[in-house]
Amino acid sequence: MRTVRIRAALPALAGAALLTGTLLSTPAQAAGGVKIHHVWFDSPGTDNRSNRSLNAEWVQLKNTSGSAVSLKGWVLKDASNHKYVFGDVKIGAGKYLKVHTGSGSDTASDKYQDRRAYVWNNDKDTATLTKASGSKVDTCSWTTRDPSDTYC
């Protein structure tokens with residue numbers, strides 16, 4: 001009798017495992033970790049390369065895990081290989097971190113690339129986050145100007 005009950009339960013368990021896999025769309029979500037959450041690729045107003053305009057272009061990361069994650073040596077880059085390498089930075093559990101294109105004073109929630117030109121293309125681009133080892137953590141792509149941001 002017991003073997004019949006176990007055999008009957010196996011298809012249901014397999015279905016639950018399959019369903020769980022479809023609910024979690026990226027490895028970062030499935031394992032709990034850092035993912036690209038939101039990209040503002042077309043700063044509002046005229047692209048005049050002012051620091052204010054450059055800083056209105058950003059990538060926001062989210063730590064979906066239950067503990068802080070060190071980003072030391074991790075790389076955020078675009079399709080043209082413009083790279084931002086994280087220093088000794090940690091992102092807290094459940095916290096967000098914005099990486100702005102222009103200059104500013106780094107805080108726990110905002111980092112600055114100190115660039116004088118835009119990084120993220122308005123028409124199409126891909127943001128890629130990799131670990132210091134080079135292994136890919138997450139990507140986010142867009143192909144349109146309208147709207148000027150995308151959630152990943």
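Student: In which loop is the place of Asn81?

Tutor: Happy to start there. This is a predicted model, where local features need pLDDT of at least 70, side-chain atom pairs count only at pLDDT 80 or more, and totals for chains, interfaces and linings use all residues. Residues are numbered from 1 along each chain as its sequence is written, and side-chain values use heavy atoms, leaving out hydrogens and water. Strands (E, at least two residues) and helices (H or I, at least four) are DSSP runs numbered from the N terminus, and Asn81 sits in the loop between strand 4 (75-77) and strand 5 (83-85).

Student: Is Asn81 buried, partly exposed or exposed?

Tutor: Relative accessible area decides this: buried is under 20%, exposed is over 50%, and partly exposed is in between, with a 1.4 Å probe and protein chains only. Asn81 is not a glycine, yet has a positive phi of about 70 degrees. Its relative accessibility is 41%, so Asn81 counts as partly exposed.

Student: What about Arg49: buried or exposed?

Tutor: Arg49 is in the loop between strand 1 (34-40) and helix 3 (51-55). Arg49 is not a glycine either, but has a positive phi of about 60 degrees. With a relative accessible area of 52%, Arg49 is exposed.

Student: Which residue has a side chain joined to that of Ser65 by a polar contact?

Tutor: Ser65 lies in the loop between strand 2 (58-63) and strand 3 (69-70), and its 16% relative accessibility makes it buried. A polar contact is a pair of N or O atoms within 3.5 Å; within protein, one must be able to donate a hydrogen and the other to accept it, and residues adjacent in sequence count only if both atoms are side-chain atoms. Here the contact is 2.7 Å, and the partner of Ser65 is Asn63.

Student: Which strands stand at the edges of the open sheet of four strands?

Tutor: Two strands pair if DSSP finds at least two bridges between them. The sheet has the order 5-4-9-10, with antiparallel pairing. Each edge strand has a single partner, so one side of it is left without a neighbour in the sheet; these are strand 5 and strand 10 (136-142).

Student: How many bridges join strand 9 to strand 10?

Tutor: These two strands form a hairpin with five residues between them, and Gly134 in the turn has a positive phi of about 100 degrees. Asp125 stands opposite Trp142 in strand 10. Strand 9 (residues 125-130) and strand 10 run antiparallel, and the number of bridges joining them is six.
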